[in-house]
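Dear colleague,

Please read them with the model open beside you.

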Amino acid sequence: MPLGRARVVEPTVPLMLALLAERGHAGAPAALDDGTPYIKADVNDRVCSVVIQPPNEEYPLGGVQFYAWFDPAAEPLLEQANRWNADHLFVKASVSDNGKLELALDMPFDGPVPRDGLLQLVDLWAAAMDAI
Amino acid sequence: MSDAGEAEVYAPLTVHELAALMAEAGHQAAVSRTDDGTAYVDATVDDVRYLAYVAGGADAPEGLCFSATFRRDDGLGDDAINAWNGARRFARLHLTEDGDVRVEWAVPIGGGISRALVLACLDVWRHRLGEL
């Protein structure tokens, strides 16, 4: 099948804020201590962070990243993370250094990406927030 | 603001197109089918065998997926797997029910994916396999 054409956009904090709002999720711009901008969002009653990670020497591809952290459940965390990773295709679970269950979704990009793809990303993350 | 116009993308990306791009990137790639008829790519790169497929099917592709499974006789335990997952982006490990180690990466491709990004993802995947 030949290549088609799609409307593409540069992933930015303002754009992701707009796409979150389009899907009915609240978000506000924030900044890390070093000034790096990100979004502090509320997706299906889960507090999470959205970061536009630019390419760097270690990772030549940028990433549109979603993160959320959860307090330990009764089940051992490593087993919980392993089961999540076995059952879910797009969202990665790991146990953070401070003992929380971390979920992460990271879509690579090397330039402008289809707008519909970013909307799909928001939907994938929302589904994960419902599933956890 | 963030609108970058239009770009050529695979929308949808088919398994045969994926196999052709994998071959172009230097991977051995052959389209095969599961017992239920689902198409996938049986591939090898750097003497490591892996599978690639398009999740969601040809009509509504959601993800470009890679998967390889290793016997767990290399000392990789739960803590080491978690450390691997925490230290790396764009792929993750989990233990299967058989006790093997599986490395997977699912790239969200709703809205389409460019040829250049597929090739870049193949480079990242190859690098990740080399780390195991």
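A salt bridge is taken here as a side-chain nitrogen of Lys or Arg within 4 Å of a carboxyl oxygen of Asp or Glu. Please keep in mind that this is a predicted model, and that the rule gives a count of 13 salt bridges over all chains.

One of them joins A:D123 to A:R23, whose closest N and O atoms are 2.8 Å apart. This pair links distant parts of chain A, since A:D123 sits in helix α3 (residues 115–131) while A:R23 belongs to the loop between α1 (13–22) and β2 (26–31), 100 residues apart. A:D123 is partly exposed, at a relative accessible area of 33%, and A:R23 likewise counts as partly exposed, at 37%.

A second pair, A:D106 with B:R89, has its closest N and O atoms 2.6 Å apart, and it crosses between chains, running from strand β7 (residues 101–109) of chain A to the loop between α2 (78–87) and β6 (92–95) of chain B. Because buried means under 20% relative accessible area, A:D106 at 12% counts as buried, and B:R89 at 11% does too.

Within chain B, the side chains of B:R126 and B:D46 form a salt bridge at 2.9 Å, N to O. B:R126 lies in helix α3 (residues 115–130) and B:D46 in the loop between β3 (39–45) and β4 (48–55), so the pair ties together parts that are 80 residues apart in sequence. B:R126 counts as partly exposed, with 29% relative accessibility. Finally, B:R88, B:R128 and B:E131 are joined into one network by salt bridges that share partners.

Best regards

Conventions: Residues numbered from 1 in each chain as written. Chains lettered and ligands numbered in written order. Predicted model: local features only at pLDDT ≥ 70, side-chain atom pairs only at ≥ 80, totals over all residues. Heavy atoms only, no water. Helix = DSSP H or I, 4+ residues; strand = E, 2+ residues; numbered from the N terminus. Buried < 20%, exposed > 50% of the residue type's maximum accessible area, 1.4 Å probe, protein only.
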